[in-house]
Amino acid sequence: MTEIRFPFLSLPIDLGVKVMKTMSLHEQTAYSLASKKSYSKIKSLRLPIPKVLIRIHGELFGFMEISLAAKDITDGEISFKLQSQRSDGMITSLDDIPVNLEVSKTLFSPFGHKLFDLSNQGMCFGEWIQHICSIFQGKHYGAEFTIGMSQLNIQSLRNILPELRSVQLKCSRSGRNQQGVLYAQSILKAFLPDVENVSLFSVPLHESLSVQHIGLTNLKMLRIYGNRKLKLDDLISLNVKNFRIDTDQTTLRDLNRFFKLWMKGSNPKLKKLSIYLRNGNNSDWSVLLNGFQTEESEDAQVKNVTIQNCFGVGISIPKMSLVSHEDIM
């Protein structure tokens with residue numbers, strides 16, 4: 001029996017548009033690669049995507065991944081994984097050509113289900129980023145970098161990546177040195193002026209780019225993980241709406257002083273503060289409560305401190321927010 005192909009390209013324009021809109025994200029991407037005409041058709045739809053995340057893992061996993069969050073949460077997330085051709089897995093340049101493109105789907109699980117493979121189409125990493133980002137209209141573009149031995153040209157990143165709203169840095173063991181510090185600083189300095197959210201995981205910082213320097217940036221959210229040293233000056237200088245840090249190098253006395261300054265009008269932009277203390281010496285609740293009125297729950301086990309600043313903004317500090325090293329093991 002002869003196989004009859006559906007005459008899609010012969011359909012009237014309005015009917016063709018309706019058909020393309022019924023395609024899934026990976027089908028629309030695959031169709032955009034068929035020809036220049038199909039690319040132009042998909043691009044003209046200006047399909048909205050809630051979030052586009054570009055993960056550059058370098059030598060840690062040896063691939064770059066572009067993830068698209070579907071408009072309907074039940075459709076999950078579509079990921080395009082581009083594997084490095086190098087034997088060591090390092091991505092040394094966005095001009096490198098990947099092995100192929102692995103397309104997978106993730107739905108309510110961290111593990112993706114492989115759908116199919118695409119050839120590399122003769123395109124390099126940078127061209128794949130530009131192609132996928134150009135056919136969809138992302139509302140939120142984010143990038144995730146792994147700091148290690150593999151380091152990309154910063155100007156090349158700025159030229160190729162779309163306008164980012166969030167940046168996330170993760171440091172591998174091979175990146176915890178002076179070279180890694182300089183690379184992390186270069187990425188942050190390049191994108192900090194434009195992004196809204198920054199997340200740092202075990203990233204080595206330096207006096208020239210400290211928590212205080214990053215906190216001064218006009219951010220919506222700043223998250224720092226990895227037992228980072230936190231000083232009172234760092235807290236006072238925060239110019240973010242949401243700050244979260246995991247630390248073992250701060251004191252309840254400094255936190256007490258900060259809250260008293262906040263009540264007088266310091267840090268007016270700050271709306272949410274999460275500090276996780278990994279230090280058994282920070283267990284004296286009375287040090288933090290010094291000068292505040294406390295409220296006890298009915299079971300007399302969880303204490304809350306309610307304070308209010310001069311702008312009428314009130315916060316409640318639960319004892320559960322103080323996490324000792326022993327509690328999290």
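Trainee: Is Cys124 buried or exposed?
Mentor: This is a predicted model: local features need pLDDT of at least 70, side-chain atom pairs count only at pLDDT 80 or more, and totals for chains, interfaces and linings use all residues. Residues are numbered from 1 along each chain as its sequence is written, and side-chain values use heavy atoms, leaving out hydrogens and water. Buried means under 20% relative accessible area, exposed over 50%, and partly exposed in between (1.4 Å probe, protein chains only). Cys124 has a relative accessible area of 8%, so Cys124 is buried.

Trainee: And Cys171, buried or exposed?
Mentor: Use the same cut-off again. The relative accessibility of Cys171 is 9%, so Cys171 is buried.

Trainee: How many disulfides does the structure have?
Mentor: A disulfide is a covalent bond between the sulfur atoms of two cysteines. The test here is a pair of cysteine sulfur atoms within 2.5 Å. Searching the whole structure gives a count of zero.

Trainee: How many helices and strands are in the protein chain?
Mentor: Both are DSSP runs, numbered from the N terminus: helices are H or I with at least four residues, strands are E with at least two. The count for the protein chain is 11 helices and 16 strands.

Trainee: What share of the protein chain is buried?
Mentor: The protein chain has 329 residues. Its buried residues make up 47%.

Trainee: Which residue in β9 stands opposite Glu144?
Mentor: Strand β8 (residues 141–147) and β9 pair in the parallel sense over six bridges. In β9 (residues 166–171), five of the six residues are buried. The β9 residue opposite Glu144 is Gln168.

Trainee: Which residue in β10 stands opposite Gln168?
Mentor: β9 also runs parallel to strand β10 (residues 197–201), joined by five bridges. Opposite Gln168 stands Ser199.

Trainee: Which residue in β13 is the bridge partner of Ile245?
Mentor: Six of the eight residues of β12 (residues 240–247) are buried, so β12 is largely enclosed by the rest of the structure. β12 pairs in the parallel sense with β13 (residues 272–277) over six bridges. The partner of Ile245 is Ile275.

Trainee: Are α3 and α4 oblique or parallel to each other?
Mentor: Helix α3 (residues 36–45) and helix α4 (residues 125–135) have axes 8 Å apart, at an angle of about 50 degrees. Under 35 degrees counts as roughly parallel, over 145 as roughly antiparallel, 65 to 115 as roughly perpendicular, and the rest as oblique. Therefore α3 and α4 are oblique.

Trainee: Which residues in α4 do Tyr39, Ile42 and Lys43 meet?
Mentor: Contact means heavy atoms within 4.5 Å. These three α3 residues meet His131, Ser134 and Ile135.

Notes. Axes fitted to C-alpha atoms, helices over the stretch in contact; angles between N-to-C directions. Pairing = 2+ DSSP bridges.
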